[in-house]
Each structure stands twice: as structure tokens, then as C-alpha cells.
Amino acid sequence: MVAAPVPRIFTRDASRSYGDVRAGNVLVHGENLEAMGRLARAGFGRRFRCVYLDPPFNSGRRFAEYDDALPPEAWRTMMRERIEAARELLADDGAMFVEIDDTELGALQLVMDEVLGRAQRVSTITVVRSAATGHKAINRGPVNVADYLLVYARDRARWRCNQLVRERRGYDRAYATWLENPGDPCARWRFEPLAARARRELGDAGASRADVEAWATEHAANVVRFAQPRYEAVSTKARQLIDRSRREPERVLRLRRPGRKDLVLRGGNRVLFLGDKVVVEDGRARLVEPLTNVWDDVPFQGIAREGGARFIRNKKPERLLARVIAMSTDPGDWVLDPFLGSGTTAAVAHKMSRRWVGIERGAHVDALCIPRLARVVDGTDATGVTRAFDWRGGGGFDVWT
């Protein structure tokens, strides 16, 4: 891969660039609004499939790194300008993710509706970042434990969202039936209660529910549940088969649907397989479920040393950025973070084999970002999502001013 030459409107800082700069990754040391304008003029317009912004939340506090206490109208103006600039860099099939707490949530959504269009709104994701413990729990009113991700596409019709799953907490007890012979034609399928079969196989009539559920997960290809289909949402052929299945409740009927899962019915109900909800990783079967708009499984505790960059109160978990990037991009795609902070987005994008541009104006570019990203390039950062993506080092980045 050959990196594009440094545009004339930027100056490459060779003394701070690191590794193989042909990788194309760029750390811009400068004010983000101006830098995004320069990126657009330098040929980066509509390049980024993922734009992630973690701006000041306007919490009313002042940190060593930045002032987070602007008048509300000044904060809204600041955000509008930057969302408008970021939109010019967003790919036609890209999405913008902006993280915020509830202080300016409503104002931010109005700004994004106006700049990107309400019709382009994809989701508001609740990110649970803490528990209702400590001093927070004595405040009047509900305890504040969440951030929010506002997700907007440039064009929802063109945005391709990669479908993700998360590990399910606990067994879905609706999967309570054992199918003896799933490999046979469905007309000859034989069913029995899961618990009876599991305890017979386990050789212990006193096997616990947990034992049965663990055994079922390991044998998920033979475990099913029955669910009422949405009659009004299926095709005419499917409705006809549902009607027939209700008339012939002991028969198993199948409707072939090219490009989709077959519709399999018994007694008017769909036959659903537990195997469709199991993934095997490192030799262990895990139950998973589709990702929802509530993310309560990304721990914010214990991340202080991630990447070797201490950024008190302002750092996000690598797992959070990995989920955002996995949802919205594929390897080789471009990711932009105009509020790079300690470098989390760039570090995660690098480990996930995405190309990235990060913008940061503060002194922590040299104190945190560059050392952290250098460790990623060298393969010496063992923290965060390194193991999940089997990252061992490589690539590099340019520093522009």
C-alpha cells in the first residue's frame, strides 16, 4: 500500500511520524474544526465510513486537558460547526457516532437532525458505564449511569450495518425440546422434552437445571423451540403453509426460501434451532443474541492502564470503540476521530486493520497519543482488544500539523 503524498496544506513532522508511513494513517496535531476543513480540501472528502466523536460533554467542570463549561448556546454552536465539517468527510455509505451524556443529549440530537437529517437517524444507543454505587447513589432522583451514542448515516439507504451479536446472560428456557434426528427429512422428525433427554444422557436423574442447560448448549444442533410466526408479516405462501400446519398439527412442514432461512412449522408454530444462537470460540460454546441499543456489557472499570495512557475521566474502553468500528466498517476502511484524546480510536482501528485519521490539539498528542500508537505499531501493547484481534504489530502513522 502506498500512502498519498502529504498535501501542501499540511506539514509532515518526520520526527514524530512512526513506523511504515505508507500505511496511510495520520495523526493531525491541530484544532479539529480547521483540520477537518483542510482534510476535505486535501482529498479526504467522503472517505470515512466511520466518524466517531467524543466531544466535551459540557458537564460544567474544568479538566487539565480542556474546559468543559461552555454556555449552552456556545456549546451547540461548537458542535454544529464540527458536525457540519465531519459530514463533508463522511462516506456516502458511512455513519457518524457521537457520544454524549444527558446534559446536552437533547440539544445534540436537534443539531444532528438539522445537519444530517432526521431521516438519517439510525439509533440512540444507551451505553451503561457504571453501577449505582458510591456517592452517585445518594443523589436525588435516578442515578446517572449511562452515556449515549447518537448514530446517523449519511444516507440510510446506502449504509451497510454489519450485524453483531453479544453473549447472552443465561439460557433461553423456551428452548425446551430435543429433536432426535435433525438430519432426516422434516416429515420424519421425532421430538421429546429436553430435560428428559438430557438427564438420560447425563446418567443422573438428579442433574440440575444448570447441568441440563449446559448440556443443551453443547448439543445445540438438536435443541429447538416453537414460536408463533407473525402472520401479517409473511408472504402469501407462508400464510398458506401456516394455515395448513394448524390443520395438521402433528406434521412438520417446510417452505424453502432462497436467500433466507427456510420456514419450518409444526402445529402452526415455527421451529427454531438453538444452534442458530450459539458460537464456538476457543473450544467453548457460547449462547449469543443480536446486539440491541442497550450496551451494558462493555466495562468502563479497569481501563485506566489501557494502551499505557492514563487519561482520567475522559478515556473510553477499547471494547466500546471496537464495537462501533466493527458495526460500521470492514478491514481497510477509513475511520476518523476529530476528538482523539488519548488515542483510543486510532489504536483500536489500527489493531482491527482499518485505516485512520485522528485529530487532537492538546499536549497529550506527544504525552499519550504518539507513545500509545507507537506501542501498537511495535506490537508491545498487550492491553485492550489486542488479543481479541490477534494483533502482533505492523504498519505506522504520519504526524501532520
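Predicted model: local features only at pLDDT ≥ 70, side-chain atom pairs only at ≥ 80, totals over all residues.

Entry 1. R354 is buried but forms no salt bridge. I found D330 as its nearest side chain of opposite charge, 5.1 Å away.

Entry 2. I then checked what the side chain of R354 does reach. It comes to 3.4 Å from the backbone oxygen of D330. A polar atom of the R354 side chain also lies 2.7 Å from the backbone oxygen of M352. R354 itself is placed in the loop between α8 (344-351) and β20 (355-360).

Entry 3. I listed the contacts of R354, leaving out residues up to four places away in sequence. Among them are N25, I325, T329, D330, P331, D333 and A349.

Entry 4. I searched the whole structure for aromatic pairs and got eleven. I took up the pair of F44 and W334: the ring centres are 5.9 Å apart and the planes stand at 90°, so I noted it as edge-to-face. F44 belongs to helix α1 (residues 32-44) and W334 to strand β19 (residues 334-337), so the pair ties together parts that are 290 residues apart in sequence. Buried or exposed, I asked of F44 and W334? Both are buried.

Entry 5. F44 and W334 belong to one aromatic cluster with F10, F48 and W400. The charged end of R47 sits over the ring of F44, 4.1 Å from the ring centre. I noted another such placement: R225 lies over the face of Y175, 5.8 Å from the ring centre.

Key. Residues numbered from 1 in each chain as written. Heavy atoms only, no water. Helix = DSSP H or I, 4+ residues; strand = E, 2+ residues; numbered from the N terminus. Buried < 20%, exposed > 50% of the residue type's maximum accessible area, 1.4 Å probe, protein only. Lys, Arg positive; Asp, Glu negative; His and termini not counted. Salt bridge = Lys/Arg side-chain N within 4 Å of Asp/Glu carboxyl O. Polar contact = N/O pair within 3.5 Å; in protein donor to acceptor, adjacent residues only side chain to side chain. Contact = heavy atoms within 4.5 Å. Phe/Tyr/Trp six-rings, centres within 6.5 Å; stacked < 30°, edge-to-face > 60°. Lys NZ or Arg CZ within 6 Å of the ring centre and 35° of its normal.
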